[in-house]
Amino acid sequence: MLWKLLRQHISLSQLAGFFFANLFGMVIVLLSVQFYNDIKPVFTRGDSFMKKDFLIVSKRVSTLGTVIGRSNTFTEADVARLQEQPFTKGVGAFSPARFKVYAGLGIQGMQLSTAMFFESVPDRFVDTSLDGWTFREGQEEIPIIIPRNYLNLYNFGFAQSRSLPQISEGVMGMMRLDIRMSGRGQVKRMKGRIVGFSDRLNTILVPEAFMAWANRMYGDGKEALPSRLIVEVDNPADDRIAKYFKENGYETEGDKLDAGKTAWFLKVIVGIVLSVGLLISVLSFYILMLSVYLLLQKNTAKLENLLLIGYSPARVARPYQVLAVGLNLAVLGLGLLVVMLVRLQYLDFIGRIFPDISGEGSLLPALLTGGMLFLAVSALNVWAVRRKVNAIWMRR
Amino acid sequence: MNTIELQQTLPEVFAGRDSVTSDIWHRQVAFQRGQTCLVEAASGTGKSSLCSFIYGYRQDYQGIIRFDGENIRRYTVSRWVGIRKRSLSMLFQELRLFGELTAWENVQLKNALTGYADRKQIRRWFEELDIDRLRNQEIRRMSFGQQQRVAFVRALCQPFDFIFLDEPISHLDDGNGRIMSRILTEEARKQGAGVVVTSIGKHLPLDYDRIFAL
């Protein structure tokens, strides 16, 4: 009966306006969050065990430099200056092995063996959650990260020409390499286990702790200056970086910057779209608030009478609160449905371009964002309606 | 609630006047539970103001109003809600019915809140006041006299210590006035409640314990 009384003056067109505006905003917000989460693995794939925004810097090797014997290593002053740059979050040096390394691998009775080299970077640049990226003295197995190119080289070059089986990343991870290290008149055999493949590091990476130990045991003693640095930056697309590197004659490794750049631009674009969606949501929230206020205003006399015959402000406010929350809930439900449908479409598309990405991820980001948006907006609605009804009570 | 005291109470609009001759304004007055009082007044002497001060929806008065010794200016919202549901009943001069609801719905809107009267009881009141045949008619299609009777029934649909009737029979004939008096007396006696009636001429025929000239 209360509802029958209070639903008068409800403007369907206003509520419909709110509904669609809010739906629009909600879908944009949810879709951008969801899309970002779905597409992110494309850019971070493979090197997910590395900190996201880093660059590998070396000094340019020039013919003249080689001829006159100019060093292309980084001095401590170089490192310190790089460290001070505003775009730098952290600098680490590649430390090379100062002993000889041979690695062997037996495939179908055929023994492949080659001279190799090891390098390490400070562990803080490697995601520590990476399985088994540790080394303790006495451990017989060394975790190794190799460039993905090496595997491609074997699979598409070597294996095909010798009709050897192709090896997937998974199988490679299960194989054990025979590592032979020599130096200072000693020889040490160990096993190598490949724990990751990198698109961006053109080196064979071992844990820092192993490198320190092995250099102490087998190294030739002299401390070499690093020829490559790993630099963690806020934003790889920052033009100050390019400028600084050019001025100093530094080089970043090839197009390795691009993935970071693209990921960064994606972030910016998603951020813009997200803000537009939020803006629409905020505006639609105003439409709803105005509509409810107008409704309350038109029903002021009735609300006053209800309060006078003993209805509490909370009770009088409730129908309007239920109306607002119900509408928000409907928007949330429909918004999620739309996001789900759209997502199915683009997942299909992404799946065709990046076969190994599809199927990952879930609707969770959209659900969480939507839920939070719903809660925040509803709480505001409930509060605003209650305040308005209280004002009607207080006015006398 | 047993007493309603007015201590030197005066509507703010009267404050500028040189002299106020009244049995209520600017005096010490108390309404006791169980008593029946009539407040007689000419138009514009503040009858409805008195009712709205006591019912807590206007505060533009000087002096103090106390319920059982407690100043009502300090009452919270929830306290007032409770009082309006259980202690004070008011038949407003302007009725404050809902025009788009039927007579029956108007009464139910109140009774649903208090759960005080049962259906049969309400039907009987409707019948006695000769508005039962109109009970499914929208209030706005009814005459003011009919509306007064509906509002009266609504005022009875709650427990009360005091019932205020602001010009209850201004548009009623004597016959209906007598019926209303009988129902009111019966209900007030049942609850042991105090009755305060205001009037500008025609009185509700009751045995008044006290008569005030406002």
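**Close-up 1. The contact between chain A and chain B takes 18 residues from chain B and 13 residues from chain A.** Two residues are in contact if their C-beta atoms, placed from the backbone, lie within 7 Å. On the side of chain B that touches chain A, helix H2 (77-86) and helix H3 (103-114) of chain B each supply at least two residues, and the largest share, 6 residues, comes from H3(B). Helices (H or I, at least four residues) and strands (E, at least two) are DSSP runs, numbered from the N terminus. Sorted by class, this side of chain B has 8 nonpolar, 3 polar and 7 charged residues, where Ala, Val, Leu, Ile, Met, Phe, Trp, Tyr, Cys and Pro count as nonpolar, Asp, Glu, Lys and Arg as charged, and the others, Gly among them, as polar. The model is predicted: local features need pLDDT of at least 70 and side-chain atom pairs count only at pLDDT 80 or more, whereas totals for chains, interfaces and linings use all residues. Residues are numbered from 1 along each chain as its sequence is written, and chains are lettered from A and ligands numbered from 1 in the order in which they are written.

**Close-up 2. Gln8(B) lies in strand E1 (residues 3-11) of chain B.** Phi of Gln8(B) is near 50 degrees, a positive value in a residue other than glycine. Gln8(B) has 13 other C-beta atoms within 10 Å and is therefore partly exposed; a residue is buried if 20 or more other C-beta atoms lie within 10 Å of its own, exposed if 12 or fewer, and partly exposed in between, with C-beta atoms placed from the backbone.

**Close-up 3. Arg96(B) sits in the loop between strand E6 (88-91) and H3 of chain B.** Although Arg96(B) is not a glycine, its phi is positive, at about 60 degrees. Arg96(B) counts as partly exposed because it has 18 C-beta neighbours inside 10 Å.
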